[in-house]
Every structure is written in structure tokens, then in C-alpha cells.
Amino acid sequence: MFTCRGILGCSTQLPLPQEFLGSGVDFPVGNVSFFLFFSGHVAGAVIASLDMRRMQRRGMAWLFDILNVLQSLRLLATRGHYTIDLAVGLGAGILFDFLAGKYEQSKTTKTSTFSRSMKVIC
């Protein structure tokens, strides 16, 4: 996810809005443009929430969702992200969670196929 975000960030970098409310603890320091597309924080929180749901920890998943909404409101209020960055971050979190699940499933299938073939040989 973060590799994709870096590539998209470099290829779609936009100037910071005039109203951007930076602080002394921002990285990079000052009002310089950085990777704004898409929100990795939102995507990461979505992935964590989906993972908690898979682990049957629904209370923790709801907590992540609520904190993610508050984080999104903060990012919009401080002009830390454009609205589209947050929406795409949500979609990216769902997409990359799905792709990670498919990758994990393919590894499990290959391992079980290999195990069965070894039993046949032995």
C-alpha cells in the first residue's frame, strides 16, 4: 500500500492550499508540498479495522472506525488533505486488504498442494 502511495504521490503531487494550517512539528517542516494523494493514515486504519473484524474483535474495529472518522475530520479542518485523498484512502484500504487476503490465500493453497504432493511421493 505504501509503495503504491509513494508512486501516486510523486506522480500526482499538488501544491499545498493557501489556507494550509501547518505546525512546527509537521514533516517536512514548513509549507512545502508532500505526498497528499492518498491518505495513508486513513487506508491503514481501514485495514486495521477490517483485520479486527476478521479476528472477531468487533469492538476494537468500531473504535478504529470512530477514530478514523475523527482523524478525517481533523485532516479536513486543518486542510491537511483534500477530500478526495480521504475518499481514495478509504477505497485503497479496502482494496489492499482484499489483495493481501488473496495473496495470503494463494500462499496457503500452494503450501497445502505441496504438502499433499509430498504425501503422495512418500
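**Helix contacts, salt bridges and a pocket**

Gln56 lies in the loop between H2 and H3. Helices here are DSSP runs of H or I with at least four residues, strands are runs of E with at least two, and both are numbered from the N terminus. The structure is a predicted model, in which local features need pLDDT of at least 70 and side-chain atom pairs count only at pLDDT 80 or more, while totals for chains, interfaces and linings use all residues. Residues are numbered from 1 along each chain as its sequence is written, and side-chain values use heavy atoms, with hydrogens and water left out.

The phi angle of Gln56 is near 65 degrees, which is a positive value in a residue other than glycine. The relative accessible area of Gln56 is 55%, and the residue is exposed. In this classification, buried means under 20% relative accessible area, exposed means over 50%, and partly exposed covers the range in between, with a 1.4 Å probe and protein chains only.

Salt bridges were considered next. A salt bridge is a side-chain nitrogen of Lys or Arg within 4 Å of a carboxyl oxygen of Asp or Glu. By this rule the model has three salt bridges. One of them joins the side chains of Asp51 and Arg54, with an N to O distance of 3.4 Å. Both residues belong to helix H2, where they are three residues apart, so about one helical turn separates them. Asp51 is partly exposed at 32% relative accessible area, and Arg54 is also partly exposed, with a value of 47%.

Arg54 forms a salt bridge with Asp97 as well, and here the closest N and O atoms are 2.8 Å apart. Because Arg54 lies in helix H2 and Asp97 in helix H4, this pair ties together parts that are 43 residues apart in sequence. Asp97 is buried, with a relative accessible area of 11%. Through shared partners, the salt bridges join Asp51, Arg54 and Asp97 into one network.

Another salt bridge is formed by Arg53 and Asp65, whose closest N and O atoms are 2.6 Å apart. Arg53 is in helix H2 and Asp65 is in helix H3, twelve residues away, and the pair thus links distant parts of the chain. Both partners are partly exposed: the relative accessibility of Arg53 is 25%, and that of Asp65 is 22%.

Pockets were found on a 1 Å grid over the protein atoms alone: a cavity is a set of points where a 1.4 Å probe fits but cannot get out, whereas a pocket is an open set with protein on both sides within 12 Å along at least five of seven lines, and lining residues have an atom within 4 Å of a point. The volume of the second largest pocket is about 170 Å³. A volume is the space filled by probe spheres set on the grid points, which are joined across faces, edges and corners.

Helix H2 (40-54), helix H3 (58-77) and helix H4 (83-121) each contribute at least two residues to this lining. The most come from H2, which gives five residues. By residue class, the lining of the second largest pocket has seven nonpolar, three polar and two charged members. Ala, Val, Leu, Ile, Met, Phe, Trp, Tyr, Cys and Pro count as nonpolar, Asp, Glu, Lys and Arg as charged, and the others, Gly among them, as polar.

Asn68 lies in helix H3 and is buried, with 9% relative accessibility. Apart from neighbours within four places in sequence, Asn68 is in contact with His41, Val42, Ala45 and Val46, contact meaning heavy atoms within 4.5 Å. Met60 is likewise located in helix H3, but is partly exposed at 30% relative accessible area. The C-alpha atoms of Met60 and Ala48 are 9.3 Å apart, and the two residues are twelve apart in sequence.

In helix H4, Gly89 was examined. Gly89 is buried, with a relative accessibility of 0%. Its contacts, leaving aside neighbours within four places in sequence, are with Phe38, Ser39, Val42 and Ala43. Gly89 and Arg5 are 84 residues apart along the chain, and 9.3 Å separates their C-alpha atoms.
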